[in-house]
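Hi,

Here's the structure I promised to pass on. Have a look, and my notes on the pockets follow below.

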Amino acid sequence: MNPTIPFVRPEERSAWQQLQQLAAAPGLHLRELMAQPERAAFLQFQAAGLTLDATHQRVDNSVMQALHSLAEASAVMPQALAMFRGEAINRTEGRAVLHVALRGSGQADPPWGQAISREVADELNRYCDFAEQLRAGDCTGFGGEAITDVVNLGIGGSDLGPRMATEALARLNKLTQPVRLHYVSNVDAWSLATTLAPLQASRTLFIVQSKTFTTQETLTLFASAQRWLQDAGCPPAELHRHLAAVTAQPALAQAQAVAAERCFRIWDWVGGRYSLWSAIGLPLAAAIGRAAYLQLLQGAHAMDEHFLHAPAEQNMPLNLALLGIWNRNFLGAATHHVAPYHSALGKLVAFLQQQDMESNGKRVHIDGSVCTVATTPVLWGGLGNDGQHAYFQLLHQGSQLVPMDFIGTRSGDTGLALSGEHQRVVLLNMQAQARALALGRTPAETRAALLAEGLSESQADRLTPHRSFPGNIPSNTLWMDSLSPQHLGALLALYEHKVFCQAAIWGINAYDQWGVELGKTMARAIEQAQASH
């Protein structure tokens with residue numbers, strides 16, 4: 001990704017070829033690998049309040065050493081330094097990629113420079129101030145009543161990030177409920193109508209999130225929202241009291257009734273799926289408050305610092321990425337499953353899907369040549385406890401290999417008298433699933449278990465193939481002490497840097513999304529053709 005680093009196709013690197021040989025050689029089953037006590041020394045990682053346990057991965061020390069050689073040969077960390085310095089690593093658009101600056105503006109000597117840090121800090125103060133005004137009831141509508149409901153209008157990164165984090169940290173808002181947050185991304189009229197039905201126009205504010213302020217879906221929602229306000233009695237001259245915008249084109253927003261002081265800036269070096277840390281996070285700041293929002297940024301910054309400075313063997317994002325490379329390119333896993341075991345993380349997988357697949361769902365290298373190695377797998381999943389009673393069947397006995405990330409919190413106090421018992425059952429299930437997927441159950445073990453249940457030998461023989469499990473399914477377990485703003489910030493930054501490292505190894509650009517743009521272009525062409533008839 002860094003223009004100053006010569007491009008070499010990944011399969012031409014000697015470390016890649018060594019890994020191919022290691023993958024082709026007969027390997028130990030996870031039953032044998034997990035019995036090795038020394039694994040914890042090189043397969044457990046700690047950073048920014050998180051712990052990554054990778055002892056359930058189908059790797060040994062020789063594989064990890066080869067993976068680290070691949071990372072070094074691919075110049076992963078020099079490319080990371082180029083990103084942090086603000087070099088234009090997004091080659092196809094000629095842009096820097098500086099979402100890390102959005103959560104590190106307090107540094108004394110940031111690699112991206114003090115000028116950017118000052119701009120970031122100024123804008124952070126502006127939108128956090130506005131969020132606090134909303135929470136304090138200081139923003140009023142056309143009738144003079146305080147705003148009580150905020151509706152975010154945006155799609156993609158302008159919706160997934162703040163929506164996911166608002167839900168994840170909802171308990172912080174429930175303590176006082178100063179404002180209620182709502183999210184609308186789908187241009188289907190039913191989505192907006194259902195959200196607006198219980199709301200009072202005189203107490204509702206819309207945040208319009210669009211970097212270009214030309215996104216068709218968002219502007220359609222915006223026009224409908226303005227009409228709803230006016231139909232409820234809001235004079236056109238008072239619309240500005242109910243509107244705010246986050247955009248790189250404030251003039252376009254102001255031309256549509258948004259007051260200048262309520263236009264918040266996003267820079268061209270912030271990609272949509274990396275924009276939660278910018279003013280795109282305004283609705284989240286309104287939901288959880290300035291202090292908690294800043295803690296989210298601090299958690300992400302702590303992971304940034306770890307990523308930049310930790311030795312390779314201890315570097316959590318780098319090792320998470322390398323394990324994914326091994327599973328995808330050398331074990332042939334076409335998909336990857338993420339299973340959070342905390343109900344507040346219900347939107348996390350959707351957020352990670354965009355981050356991973358929009359970033360690394362590419363088929364050409366940075367030099368324009370077609371990739372002959374597989375790039376990012378299909379990422380999917382959902383809440384683990386729910387999935388256990390649905391699609392986990394495929395994970396255990398399906399015909400394809402699906403590596404997994406389990407995500408858990410060590411504590412889960414909700415105030416319910418039996419919170420501890422709930423949490424015990426949650427974690428028991430998570431740990432049992434990881435172990436069952438890794439170890440499986442041999443036919444001999446299955447037959448013995450069936451006989452112990454009282455089945456006859458003929459019945460046991462008949463059922464053994466159906467109730468045996470091959471196991472050997474690799475997984476990571478990611479632990480947070482609690483679902484705090486700091487730990488959530490660190491978790492999200494961890495996955496961001498994982499995506500970056502994998503892109504650097506595959507030699508692709510993680511920061512453009514021309515496939516998304518093609519659909520928009522086609523929609524405009526069809527619209528123009530229809531209008532001409």
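Predicted model: local features only at pLDDT ≥ 70, side-chain atom pairs only at ≥ 80, totals over all residues.

Residues are numbered from 1 along each chain as its sequence is written, and side-chain values use heavy atoms, with hydrogens and water left out.

A pocket here is an open set of points on a 1 Å grid over the protein atoms alone, where a 1.4 Å probe fits, with protein on both sides within 12 Å along at least five of seven lines; lining residues have an atom within 4 Å of a point. Volume is the space filled by probe spheres set on the points, which are joined across faces, edges and corners.

The second largest pocket comes to about 600 Å³. Its lining has 26 residues, with His-342, Ser-343, Ala-344, Gly-412 and Thr-414 closest to the centre. Helix 18 gives the largest share of that lining, four residues (helices are DSSP runs of H or I, at least four residues, numbered from the N terminus).

Now the largest pocket: about 980 Å³, lined by 41 residues, with Lys-211, Thr-212, Thr-215, Glu-517 and Lys-520 nearest its centre. Helix 22 contributes the most there, six residues. By class, that lining has 12 nonpolar, 18 polar and 11 charged residues.

Cheers

How values were computed
Helix = DSSP H or I, 4+ residues; strand = E, 2+ residues; numbered from the N terminus. Nonpolar A, V, L, I, M, F, W, Y, C, P; charged D, E, K, R; others polar.
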